[in-house]
Amino acid sequence: MFNKNTQTAAPEVVKEYLDITGATIQAAHLISNKICVFTLNVKGGSFMNLKVIDGKNGMFIAMPQQKGKNDQYYDQYRIYLTDTDAQRVISAVGEHAAAQGERCDFKTRYEVK
């Protein structure tokens with residue numbers, strides 16, 4: 001039933017960027033000195049366990065991952081943000097993140113400005 005794909009090449013992927021108008025973040029907390037976990041709330045959905053990582057080329061948003069049977073890690077889902085929107089989210093997370101060992105407020109939502 002599911003193996004009826006007769007295409008020989010994968011279709012071209014067109015990225016659609018997530019609209020973060022009115023978005024909020026919540027539950028932002030540091031799990032190490034370089035990784036902060038948070039939830040991004042947008043109209044119609046919540047994306048949990050996103051991470052802001054302070055990498056060698058600067059900060060970026062990473063998707064939650066799961067280890068496969070082959071010991072490789074795979075994204076559980078993927079969202080696409082424009083560079084400007086990604087920086088807005090990173091700024092909001094940095095402004096409201098609880099430090100390691102501090103009590104984290106999991107209920108309050110903070111606006112992404």
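The structure is a predicted model, in which local features need pLDDT of at least 70 and side-chain atom pairs count only at pLDDT 80 or more, whereas totals for chains, interfaces and linings use all residues. Residues are numbered from 1 along each chain as its sequence is written, and side-chain values use heavy atoms, with hydrogens and water left out. Helices (H or I, at least four residues) and strands (E, at least two) are DSSP runs, numbered from the N terminus.

**Nonpolar core**

- The largest nonpolar core comprises 21 residues; such a core is a set of buried Ala, Val, Leu, Ile, Met, Phe, Trp, Tyr and Cys residues joined through side-chain atoms within 4.5 Å.
- Buried denotes under 20% relative accessible area, exposed over 50%, and partly exposed the range in between (1.4 Å probe, protein chains only).
- The residues with the most contacts inside this core are Ile25, Phe38, Leu40, Ile61, Val89, Val93 and Val112.
- At least two core residues come from each of strand E1 (24-30), strand E2 (35-42), strand E3 (45-55) and helix H1 (83-96), and H1 gives the most, with five residues.
- Leaving aside neighbours within four places in sequence, Ile61 is in contact (heavy atoms within 4.5 Å) with Phe38, Lys51, Val52, Leu81, Ala86, Val89 and Ile90.
- In soluble globular proteins, nonpolar side chains tend to be buried together.

**Sheet**

- Five strands form an open sheet in the order E4-E3-E2-E1-E7, with antiparallel pairing; two strands pair if DSSP finds at least two bridges between them.
- Strand E4 (58-62) and strand E7 (110-111) stand at the edges with a single partner strand each, so one side of each is left without a neighbour in the sheet.
- E1 and E2 pair in the antiparallel sense over five bridges, and Gln26 stands opposite Thr39 in E2.

**Asn41**

- Asn41 lies in strand E2 and counts as buried because its relative accessibility is 4%.
- The Asn41 side chain makes polar contacts with the side chains of Gln26 (2.8 Å) and Ser46 (2.7 Å).
- A polar contact is a pair of N or O atoms within 3.5 Å; within protein, one must be able to donate a hydrogen and the other to accept it, and residues adjacent in sequence count only if both atoms are side-chain atoms.
- Apart from neighbours within four places in sequence, Asn41 is in contact with Ala23, Thr24, Ile25, Gln26, Ser46 and Arg109.

**Salt bridges**

- The structure holds three salt bridges, each defined by a side-chain nitrogen of Lys or Arg within 4 Å of a carboxyl oxygen of Asp or Glu.
- Asp71 and Lys67 form one of them (3.8 Å, N to O); Asp71 is exposed at 55% relative accessibility, and Lys67 is partly exposed at 46%.
- Arg78 and Asp75 form another (2.3 Å, N to O), with Asp75 partly exposed at 29% relative accessibility.
- Asp85 and Arg88 also meet in a salt bridge (2.9 Å, N to O); both lie in helix H1, three residues apart, about one turn of the helix.
- Asp85 is buried, with a relative accessible area of 12%, whereas Arg88 is partly exposed at 26% relative accessibility.

**Aromatic pair**

- The count comes to one aromatic pair, under a rule by which rings of Phe, Tyr and Trp (its six-membered ring) pair if their centres lie within 6.5 Å; planes under 30 degrees apart count as stacked, over 60 as edge-to-face and the rest as tilted.
- Phe47 and Tyr77 form this tilted pair, at 5.7 Å centre to centre and 45° between the planes.
- The pair links distant parts of the chain, 30 residues apart: Phe47 is in strand E3, and Tyr77 is in the loop between strand E6 (73-75) and H1.
- Tyr77 is partly exposed, at 25% relative accessibility.
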